[in-house]
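Open the model in your viewer and get your selection tool ready. We will go stop by stop, and at each one you will hear what to select next.

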Amino acid sequence: MKSHNSTPAGAAGPIRIVNGRIHDPANGIDGAVRDLCVESGRIVESAPVGARRIDAAGMVIMPGGVDIHCHIAGPKVNLARKLQPEDHRRDPHPGTLYTRSGTGGTVPSTFATGYRYASLGYTTAMEAAVPPIGARHTLEELHDTPVIDKGFYVLLGNNIFLQRLLKEGRRDEFRQAVAWWVNSTKAYATKLVNPGGDEPWKGKRNANVSDIDETNEVFGISPRQIIDAFVDAVHEMRLPHPPHIHCNNLGHSGNYATTLETMKTAGDRRLHIAHIQFHSYGGQPGKSPSSAAQPIVEYVNAHPNITCDVGQVMFGKSTIMTADAPLAYMLRNLKKNKWVNADTECESGCGIVPFSYQEKIYVHALQWAIGLELFLMSADPWRIILSTDHPNGGSFLSYPKLIRLLMDREFRKEEIKRVHKKAISRTVLADLDREYTLNEIAIISRAGPARALGLRNKGHLGPGADADITVYDDDADRERMFNAPRYVVKSGRVVIDDHEFREDFSGRLLHIAPEYDATIVQTVRPFFEDYYSIEFDNYAVGDSFLHDHEVIPSRPA
Amino acid sequence: MSLRLQLRTRPEVPVEADALAPDRLQGLKTPEVESLPLIHGNENCVVGDFFAADGECNGELHLEGDLSRIKHLGSGMKSGTLHIHGDAGAHLGVGMSGGQVIVDGNAGDWVGPEMSGGRICVKGNAGHMVGAAYRGSPMGMTGGEIIIGGCARNELGHGMRNGLIAVGGDSGDFTGVNMLAGTIIVLGRLGLRPGASMKRGTIVTLHDSELLPTFSYACCFRPPFLGLYLLHLRQLDLAVADAHISGRYARWCGDSIELNRGEILLYKT
């Protein structure tokens, strides 16, 4: 990259931001005017004389945004880029004196992804689904995604070897193998996608699991057993982020029951439900869906061990990309347009379908309304987190509009008028008058996701935190406000200075390194020698792929 | 009075000249025209670096010289006449919605991709991808006419959705591939695999052709619409004989791996 190695991150000089109204909910600061000081890439109590002074009078200061669930790097993202040249042709991302050029659309190129996140005030993003065998590729792409800090979740929920261990009741070896896999891929968290469903589908057309207690044909174990084992293993190892699960039956009518059962499986242990909007549908399977946001949000409200991100649908073009291969096949059959379906050896599946959400289509309008219901009925913004499951529900570039929908009742009412009436009448959205405050927005887009991820130095502005800061002009039009921060500071460097990019560097990889018993390697190795296309000794990703990185420690006991 | 642009030096590498369309130059003075931006390879330059301008555009733009390395001429034009006295480069009349483009010589690849209206007449030959969809797009040309006096190369009318493409000579392989609707008339021979994966639409040739096994023979008849089309093409200087206008055509339906609502008409007698 042009300049990212010229100065190490954090080498920028000290800064004092004065007169701005600070929203730092993790430290109980709600709009107080205070000085904010930065030195050596961290927030500090006071900056030395001669520090650069930024006057933020009339502006709103928040920690840098943290995206807990998006798809921005790895083999499936690259396939989606290749599949849609028309998307790129229409949205070039020109270079500047400081930044490189790229292409946009719903699946931007690596450079454009980093810059566009930064241009919204986001400084951390988590790629949510990478098959272990794609880890090397993902790490290289993340290294080329500038400015933001990032990590990825490794797909383990349809792993043949792990399912065998579970079938044979070898729970301790299962836990060791999970830790080995996380270490071998430099991942940040474990990810389960339609656990137990991909493998039957790969073997037989239209085969899937449709119930959490249904034992699959291949291994004779149920999704609940897989989920329970992961919740247990991650709990035992005290990983910073709990299992990140995309439940069974995504998108199917009546799937809220599966979602509730998934959450109940965790008991009082921690669990993160991804894009929960897609899992909150009532109605009979195979029939038209209705909203089941109420029972879902009630359960989440009452159970502090559960976190979730919403996966809001935003109207317009999107790209469905998922490790849930049977789901992609179902969606493909709606329009019979181009799509990709891929198998990833013994580890996962993959499906990609270009998609478009339309206001006048009942199901799409219902999905949009359910997402908003979940946000507006949430009792604890710390645990119901902002996401569009980029690019599945819509691009991350639609976050500012989503924020306006949450903060501006009148705007929401106008938007409701434009969508399918019957769909809205099947929800309580029209009766919800709540408006999010700036502090609540800071929670759902910054403090909440950082806490759910166990990132102690992100999502807040207390001394010692990473100096990831966004300064917005206080604008009554919240969409315009969140679309164009005046300053974005990342690791103490003023990346966006008075609306202009002034820096380019690559950001850090965030990953975990749980301890494991080295003898597990002897258990795993024969399986690779029998079934994999890659030599076992070449499988684990070497440290040279880490570049600038940070190991996030386990949670304290 | 019309505007004439004379190419002074043939560029070493292609020049992208989106600016050169009659409606965009309407009413501009000569110095203003000469200062419009062009892209030469990876460098920004201006029209005056390559062209000498004379006159003022009243809806008619004449380009002179060997323009085979000048790309994107007439792109997005909505009205007026663009007359190229010589060869034209690739991406001629991209997405145009009205007006007329006349090329006295040959044209490069991508003549009229994704155009929606107007007419392009190329008196010589054209390259690949005439009236096609750009890679990844679901649809090629959606309206208007492209008339090629000579031959055209592969993937003529790829993904075409509406409009007319006529070729005086032969066409290349995959003529009308992925076609959704519209009409392609080739007076010469079709290349390999015409109409592969077509959903609807009509492909006509005045010769026999080897068709894909997914096309099935329907009947032999005198299509009434075809006479009108061929008379229209004769007025546009294509060599259409009376026998073609009144003749019988064999109708083949396809492509059966898709909708099977398309047709290929082969001239019989």
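## First stop: a trio of helices

Select helix 5 (residues 160–167) of chain A together with helix 6 of chain A: they pack at an angle of about 160°, with their axes 8 Å apart. Axes are lines fitted to C-alpha atoms, for helices over the stretch in contact, and angles run from 0 to 180 degrees between N-to-C directions. That makes helix 5 of chain A roughly antiparallel to helix 6 of chain A, a label for angles over 145 degrees. Helices here are DSSP runs of H or I with at least four residues, strands are runs of E with at least two, and both are numbered from the N terminus.

A word on the model: it is predicted, so local features need pLDDT of at least 70 and side-chain atom pairs count only at pLDDT 80 or more, while totals for chains, interfaces and linings use all residues. Residues are numbered from 1 along each chain as its sequence is written, and chains are lettered from A and ligands numbered from 1 in the order in which they are written.

Now show side chains. A:F161, A:L162, A:L165 and A:L166 of helix 5 of chain A meet A:E173, A:F174, A:A177 and A:V178 of helix 6 of chain A; contact means C-beta atoms, placed from the backbone, within 7 Å.

On the helix 6 side of chain A, pick A:R171, A:F174, A:R175, A:V178 and A:A179; they meet A:A229, A:A233, A:E236 and A:M237 in helix 8 of chain A.

## Second stop: a sheet

Pairing requires at least two DSSP bridges between two strands.

Which strand does strand 19 of chain A join through 7 bridges? The partner is strand 21 (residues 348–357) of chain A. Along strand 21 of chain A, find A:P354 opposite A:T319 and A:S356 opposite A:K317.

Colour strand 19 (residues 316–322) of chain A by burial: 5 of its 7 residues are buried, with 20 or more other C-beta atoms within 10 Å of their own, C-beta atoms being placed from the backbone.

## Last stop: the chain contact

Finally, show both chains: 4 residues of chain A are in contact with 4 residues of chain B.

Notes: Contact = placed C-beta atoms within 7 Å. Buried ≥ 20, exposed ≤ 12 C-beta atoms within 10 Å, placed from the backbone. Parallel < 35°, antiparallel > 145°, perpendicular 65-115°, else oblique.
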